Amino acid sequence: MTDREATVREAYGEAVLRIVEQIPRGSVTTYGAIADALFDEFGGGPRQVGSVMAREGAGMPWWRVVRADGSLPASHGEEARQAYLEEGTPRRVSGAVDLREAMWLPPTMIP
């Protein structure tokens with residue numbers, strides 16, 4: 001990886017984490033919505049956001065970032081369910097987040 005690539009990767013990661021920090025309690029956004037918000041500046045897609053969250057998201061409210069269908073990977077299930085209960089996040093009977101009620105859209109530009 002070149003120095004420029006490393007710098008862009010770091011800036012992208014910081015931008016993702018800034019968005020995640022802004023998600024209000026009881027709300028969620030999707031990996032794709034974050035990718036869309038950052039696309040004009042960085043490109044990339046939901047998988048890149050997921051990679052950032054896997055590498056650097058431990059100290060973030062990671063449970064507020066879900067798949068496009070409102071679900072999280074099974075490995076996150078129990079911790080996320082507890083956080084959703086504590087925050088009053090709307091959920092469907094299936095256990096997935098109800099995106100119609102809980103969706104928060106990030107700004108398209110992060111200062």
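# Briefing: rings, charges and helix packing

Trp 62 counts as buried, at 16% relative accessibility (buried is under 20% relative accessible area, exposed is over 50% and partly exposed is in between, with a 1.4 Å probe and protein chains only). Please read everything here as coming from a predicted model, in which local features need pLDDT of at least 70 and side-chain atom pairs count only at pLDDT 80 or more, while totals for chains, interfaces and linings use all residues. Residues are numbered from 1 along each chain as its sequence is written, and side-chain values use heavy atoms, with hydrogens and water left out.

**Aromatic pairs**

- The structure holds two aromatic pairs (ring centres of Phe, Tyr or Trp, the last by its six-membered ring, within 6.5 Å; planes under 30 degrees apart are stacked, over 60 edge-to-face and the rest tilted).
- Tyr 12 and Phe 42 form an edge-to-face pair, because their ring planes stand at 75°, with the centres 5.4 Å apart.
- This pair links distant parts of the chain, 30 residues apart: Tyr 12 sits in helix α1 (residues 3–22) and Phe 42 in helix α2 (residues 31–42). Helices (H or I, at least four residues) and strands (E, at least two) are DSSP runs, numbered from the N terminus.
- Tyr 12 is buried at 8% relative accessible area, whereas Phe 42 is partly exposed at 24%.
- Trp 62 also has an aromatic partner, Trp 63, and this pair is edge-to-face, with 5.6 Å from centre to centre and 85° between the planes.
- Trp 63 is buried, at 18% relative accessible area.

**Salt bridges**

- Side chains of opposite charge can pair when their charged atoms come close.
- Five salt bridges turn up in a search of the whole structure (a side-chain nitrogen of Lys or Arg within 4 Å of a carboxyl oxygen of Asp or Glu).
- One of them joins Glu 87 to Arg 64, with the closest N and O atoms 2.6 Å apart.
- Glu 87 belongs to helix α4 (residues 77–87) and Arg 64 to the loop between α3 (46–56) and β2 (65–66), so this bridge ties together parts that are 23 residues apart in sequence.
- Arg 81 and Glu 78 form another bridge, their closest N and O atoms being 3.4 Å apart. The two residues are three places apart in helix α4, about one helical turn.
- Arg 81 is partly exposed at 37% relative accessibility, while Glu 78 is exposed at 54%.
- Glu 56 bridges to Arg 55, with the closest N and O atoms 3.4 Å apart. Glu 56 is partly exposed at 35% relative accessible area, and Arg 55 is partly exposed at 40%.

**Helix packing**

- The axes of α1 and α3 come within 10 Å and cross at roughly 85° (axes are lines fitted to C-alpha atoms, for helices over the stretch in contact, and angles run from 0 to 180 degrees between N-to-C directions).
- α1 and α3 are therefore roughly perpendicular (65 to 115 degrees; under 35 is roughly parallel, over 145 roughly antiparallel and the rest oblique).
- Residues that meet here include Tyr 12 and Val 16 from α1, and Val 52, Arg 55 and Glu 56 from α3, where contact means heavy atoms within 4.5 Å.
- The axes of α2 and α3 come within 8 Å and cross at roughly 105°, which makes α2 roughly perpendicular to α3 as well.
- Tyr 31, Gly 32, Ile 34 and Ala 35 of α2 make this contact with Pro 46, Val 49, Gly 50 and Met 53 of α3.
- Buried residues of α2 include Tyr 31, Ala 33, Ala 37 and Leu 38, and the buried residues of this helix pack against α1, β1, α3 and β2.
- Gly 43 follows α2 and has a positive phi, near 75°.

**Thr 29**

- Thr 29 is found in strand β1 (residues 29–30) and is buried, at 0% relative accessibility.
- A polar atom of the Thr 29 side chain lies 2.8 Å from the backbone oxygen of Trp 104.
- Leaving aside residues up to four places away in sequence, Thr 29 touches several others, among them Ile 34, Arg 64, Val 66, Met 103 and Trp 104.

Note on methods: A polar contact is a pair of N or O atoms within 3.5 Å; within protein, one must be able to donate a hydrogen and the other to accept it, and residues adjacent in sequence count only if both atoms are side-chain atoms.
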